[in-house]
Structure formats: C-alpha cells, structure tokens
Amino acid sequence: MKEIRIMGIETSCDETAVAVVENGHRVLANLVSSQINIHRRFGGVVPEVASRKHIEVIASLVDEALKEAGMTGREIDAIAVTYTPGLIGALLVGVSFAKAYAYGLGKPLIGVDHLEAHIYANFLTEEPPVFPAVCLVVSGGHTSLLYMRDHRCFELLGRTRDDAAGEAFDKVARFLGLGYPGGPAVQKAAQSGKAGIYHLPRVYLERSDYEFSFSGLKTATINLWNKLKKNGEEAAVNDLAAEFQEALVDVLVEKTINAARHKEVKQILLAGGVAANARLRERITREADKMGTAVQIPPPALCTDNAAMVACAGYYQYLEGDFAGLDLNAFPQLGLAVQKTCG
Amino acid sequence: MLILSIDTATPVAGVALVDDRKTYYEALANTGYKHSRTLLEMINVSFHQTGYNLRDVDAIAVTIGPGSFTGLRIGLATAKGLALAADKSIIGIPTLDAIAHNLSWSPDLLCPMLNARKGEVYTSFYHGGRRITDYQALSPDNLVKTARRIMELTGCSTVTFLGDGVNEYLPVLQESLGDAVVSLPGYWLPRVSAVGSLAASRWLGGQLDDVFSLTPIYVRKSEAEVRMSQLEGEGGFGAENQRDEA
C-alpha cells in the first residue's frame with residue numbers, strides 16, 4: 001500500500017505550526033513556532049501581532065518541516081490547513097499560503113476545522129481510539145462535549161454558555177498575577193496549594209444536561225479574592241488557584257463521565273489545550289477507570305495547538321475525498337465539525 | 001522572461017503576466033476585500049487565458065505595502081506559497097512605487113497616496129523617477145506641509161497626486177495648495193502590470209528578495225504596540241487589544 005503523507009499547516013491563533021504525518025499517525029515532522037513570549041507583555045494574544053509573526057515564519061517552517069521529514073514538497077500527497085475557527089487575520093496567512101503551495105505543487109488542498117483537528121490529535125498513535133466515543137474539547141476558545149459515533153461523525157451534546165475553560169484559566173491567572181498563559185500558571189500555583197480551604201461554586205453541576213458555564217466561577221474567584229483583601233485577611237493565592245482549578249475540573253469530569261455512561265460509549269477522549277492540565281488528566285483517568293471505560297488523552301505537546309493534529313484530521317478527509325477548492329476562505333467562527341451529525 | 005505579478009494591498013485585487021517589454025495579461029477586480037477567496041482563482045484564470053503555466057514563470061512579484069495589513073499578508077503568503085512550491089524567485093514591490101510608476105515618464109513631483117483610514121494616507125514623494133522620501137502615514141495637514149517643503153527643495157511648482165487617497169482628500173489639498181495640485185483621473189488605481197514591470201527590471205538586475213525573510217512594509221505598528229509604548233510603565237493593559245485590525 002502506498003504511504004499517504006499529509007502536510008498540516010496551522011495559524012489560527014498564536015502558534016505557527018507545520019507538520020508532516022504519514023498514514024494519519026506516523027509523525028515525520030512537527031514544528032511549532034510559539035509566540036507566547038511576544039504576547040506575554042500584552043497579557044493575551046494580540047491578533048495583529050500574531051498575524052505579523054505568522055507571515056514572517058511560515059515559509060521557513062515549511063522548509064524545515066520538509067527537511068526534518070526527509071522529503072521534498074513533491075512527495076507530499078496533500079496540504080491540510082486550518083481554515084476555521086480562529087483569529088481571521090491569523091487564519092488567512094495559513095490559508096493563503098497553503099492554497100498557493102498546494103496549487104504550486106499540483107496537490108490536493110484540504111480545509112480542516114480546528115476543533116476537529118484537536119480531537120484527531122488522539123488518532124496520532126498506532127492504536128487509535130475506538131468508537132463510539134465521548135469527547136471533551138477544552139481550550140482557550142472552546143468547551144464542548146461531543147458524541148463521536150465514527151470517523152468525522154459528531155453530535156454536539158453540550159457546550160459552554162459563556163467563557164471557555166481555558167479563557168477562565170487565563171482571566172483568573174491574570175487577575176491573581178500568576179502570569180501568562182493562564183493554564184500552566186494556575187496549575188503551577190495549584191500544585192503548591194490545597195483545594196477546599198476556600199470554597200468556589202461548581203457551576204451547572206446540578207443540571208443533568210451537558211452545558212457548561214465558567215464566567216460565574218471566574219467572577220466568584222475574583223469576588224472572593226477582593227473580599228479577603230477588603231477584610232484585611234492574608235489570602236493564600238496558591239490555595240485559591242487550587243480551589244479554582246478543582247471547581248473547574250470537577251464540572252468537566254463529572255459531565256464527561258455522565259455523558260459516557262448515558263451514551264454507553266467504550267471510549268472517552270480529551271482534546272484541546274486545557275487537556276494538557278495534569279489535574280484534569282489525573283481525575284478523568286481515575287473516574288473512567290472506576291467504570292471500566294478507556295480514556296485517551298494526547299500527550300501535552302499535542303493538546304496545545306500544533307499541525308500534526310491538522311495533518312491527521314486532513315488524512316481522514318483525504319480518505320473521504322473531502323477536498324477544498326481554490327476559493328477556500330477563512331472563517332473566524334464557523335466550527336462546522338461540532339455541529340455536524342451524520343448517518 | 002516571465003513575471004507573475006499579484007497585488008492585494010488595496011480593495012483592488014490584481015493579477016498580471018508580464019515581461020520587461022510587454023503585458024500579456026492583466027486583470028483587476030475592484031470588488032473590495034474578498035481577496036482571499038478570489039486571488040488564486042484569478043491567477044489560475046491568467047494561466048488558462050494565456051496558455052502559460054506556473055513552470056514558465058521566472059519570478060513572482062507581489063506588492064509588499066504599505067496597504068491593508070490583511071491584504072498585504074494574503075498577497076505575500078500566496079506569493080511565498082507559489083514561490084516555494086515551484087522553486088521560483090520572489091520580488092517584493094512597494095505599493096506606492098508601483099502607483100508612481102504609472103507616471104514614470106513625468107518630470108513632475110509625484111505623490112501617490114493610499115487611504116490609510118484613521119484620517120491618514122500612506123504616501124511618499126517621487127521626483128525624476130526616484131523616491132525621495134520614506135514611506136509614511138500622514139494626516140492631510142502634515143501631507144500639505146511635507147508637499148510644500150518638497151516643492152521648495154525640488155523647485156517644482158506642482159504636485160501630481162495619485163492613488164485612492166485622492167478620492168477623499170482632494171478638496172482638502174486643493175484648499176491648502178491651490179493651483180499646485182494636479183490630479184489625473186484614470187491614474188489613481190495601482191496597476192498590477194506596473195508592479196510586474198518594476199519586478200522585471202529588478203529581475204534583470206538580479207535584485208531578488210528572499211522567500212523566507214520577505215515581510216510587508218506596514219509603516220504603522222499594530223494598535224496594541226502603539227498603546228503599549230504609550231502605557232509602558234503605567235500598567236493597566238488588557239483585553240482591549242485583543243481584536244483584529246485592518
């Protein structure tokens with residue numbers, strides 16, 4: 001059988017990433033040019049700054065990825081690029097480049113949904129997950145619970161009504177002065193703190209549906225901090241970070257486990273940047289073990305934005321012949337995959 | 001020699017195939033900012049219409065600014081993708097140089113100007129076929145002051161204004177500079193064949209750009225960077241930066 005090699009290109013936010021993946025799972029190159037240090041001084045991603053950085057590095061990154069994979073562009077079978085959702089100016093750099101590159105090589109172009117790509121990070125392994133599965137996608141822009149019956153076949157069970165989980169991490173980290181990006185910063189503080197010293201609400205936990213809300217948790221954290229300060233109490237920032245993380249993880253884990261039980265799935269998948277959180281990984285693994293359901297979580301480096309996941313998602317689209325035309329455009333908030341049902 | 005020339009710096013998208021003597025194909029789409037959807041199809045049509053293909057091209061020319069930030073990146077990302085895939089040279093042409101090139105035969109003082117929003121234009125001055133100022137973003141008042149100074153320095157009694165900024169600012173310019181203002185209807189648009197023709201000269205002179213390091217001439221910093229340098233030391237910087245700019 002001929003090997004299928006897909007190049008993935010990802011520029012939807014603040015990472016420029018290029019990867020080459022063979023047969024959907026064998027990662028031949030996976031390069032990420034992170035802009036974290038550039039955006040840190042702004043306290044968050046600045047879209048125009050991100051777009052400027054993407055155009056500076058994209059061509060070099062493609063060249064380096066090919067060298068690392070030990071091949072030329074002509075040996076690539078298709079170019080897969082993230083076209084939605086994300087920062088429009090940032091997406092347009094990757095989409096414009098990928099279209100022209102595919103056209104120049106005479107190879108097919110594949111438009112990939114960023115959320116679907118996060119989910120497919122779980123398939124970058126020789127022993128891929130089994131179906132049906134329940135998948136929790138948690139990142140800076142998204143918190144969604146999906147039922148996945150088969151490849152590329154998603155049913156949205158529920159999602160956040162306001163802030164995404166990663167957004168709540170970022171905002172609370174910024175407020176508590178823990179640094180940027182918020183996820184790793186809160187996790188680090190929480191490791192030397194203790195949950196339960198303070199109490200924060202588990203929002204929506206009493207509801208039986210799969211909707212989430214994290215804006216209230218963020219506000220409760222900020223209010224509690226302000227109240228402690230006003231009363232002249234010495235607030236322990238690490239304990240507060242631990243309680244915040246625990247409150248957020250409690251809701252994510254319980255809703256995911258409930259969905260897995262209700263849908264009688266064989267597999268739980270985690271995806272997105274917040275899936276790199278050690279406490280979430282540990283808790284979901286323990287709870288799933290108790291009910292005998294398999295859990296798959298990509299290694300942390302494949303949870304955050306990368307292009308190997310884009311190439312992997314692109315591979316399954318390649319198998320279906322789902323290609324894009326020369327008029328492929330970028331869309332800031334389409335999120336097609338999470339809406340899609342099939343069969 | 002064959003140059004594929006592309007321009008998406010302004011609301012007008014353009015594609016041309018030229019050499020140092022001749023324009024074989026030129027298409028302009030004055031359809032507003034839809035460049036990411038249309039540009040590659042326009043390129044594809046240019047090849048179909050002429051019978052050439054990407055393999056026949058020696059260099060890809062692209063306008064690198066000033067202009068719409070997003071537009072510049074769509075053009076440059078496209079040019080880089082084509083150049084890297086087909087192993088072609090890349091040549092970045094400043095947008096204002098290309099507009100001035102429309103009147104390269106003129107002995108007059110030329111001032112191409114592009115609408116830069118925020119009450120400013122991107123502009124530079126040209127005389128005797130050479131650019132004589134930096135690319136800058138100027139308010140109409142500062143443009144008038146600069147124009148007066150340069151007229152004095154060059155001994156020119158008129159300035160010929162070109163570019164889409166003329167639409168908006170002609171009355172203001174006429175009010176301040178009176179009869180010194182010349183504007184030529186029909187020479188306002190950037191012409192992508194002019195971009196190609198400038199690139200053809202560059203190609204013949206061996207002055208090529210590097211596909212990896214070529215970046216747009218933005219002239220302006222991003223709003224967030226401007227505000228950051230204003231606020232540095234004062235703290236209080238947050239979510240208001242986190243939106244897209246032009």
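Visitor: What makes helix α6 (residues 182–191) of chain A largely enclosed by the rest of the structure?

Guide: A residue is called buried if 20 or more other C-beta atoms, placed from the backbone, lie within 10 Å of its own, exposed if 12 or fewer do, and partly exposed in between. Eight of the ten residues of α6(A) are buried, so the helix is largely enclosed. These are A:Gly182, A:Gly183, A:Pro184, A:Ala185, A:Val186, A:Gln187, A:Ala189 and A:Ala190. Their cover includes α5 (165–175), α8 (237–262) and α9 (278–291) of chain A. The model is predicted: local features need pLDDT of at least 70 and side-chain atom pairs count only at pLDDT 80 or more, while totals for chains, interfaces and linings use all residues. Residues are numbered from 1 along each chain as its sequence is written, with chains lettered from A and ligands numbered from 1 in the order in which they are written.

Visitor: Why is B:Ile91 called buried?

Guide: B:Ile91 has 27 other C-beta atoms within 10 Å and is therefore buried. B:Ile91 belongs to strand β5 (residues 89–93) of chain B; helices (H or I, at least four residues) and strands (E, at least two) are DSSP runs, numbered from the N terminus.

Visitor: Which residues does B:Ile91 touch, not counting residues up to four places away in sequence?

Guide: With that exclusion, B:Ile91 touches B:Ala59, B:Ala61, B:Ala199, B:Arg202, B:Trp203, B:Leu208 and B:Asp209. Contact here requires C-beta atoms, placed from the backbone, to lie within 7 Å.

Visitor: How do you know which strands are the edge strands of the five-stranded sheet of chain A?

Guide: Two strands pair if DSSP finds at least two bridges between them. The open sheet has the order β3-β2-β1-β4-β5 (chain A), with mixed pairing. β3 (26–34) and β5 (109–113) of chain A each pair on one side only, and are the edge strands. From one strand to the next, the twist averages 20°.

Visitor: What makes β1 (residues 5–10) and β2 (residues 15–22) of chain A count as a pair?

Guide: The two strands share six bridges, in the antiparallel sense, and A:Ile6 stands opposite A:Val21 in β2(A).

Visitor: Which helices of chain A are placed against the sheet, and at what angles?

Guide: Angles run from 0 to 180 degrees between N-to-C directions, with axes as lines fitted to C-alpha atoms, for helices over the stretch in contact. Helix α2 (residues 47–69) of chain A packs on the sheet, touching β2 and β3 of chain A, and makes about 25° with β2(A). Helix α3 (residues 88–105) of chain A lies across β1, β4 (78–84) and β5 of chain A, at about 155° to β4(A).

Visitor: How many residues does each chain bring to the contact between chain A and chain B?

Guide: Chain B gives 36 residues and chain A gives 36 residues. On the side of chain B, α2(B) has the largest share, 13 residues.

Key:
Contact = placed C-beta atoms within 7 Å.
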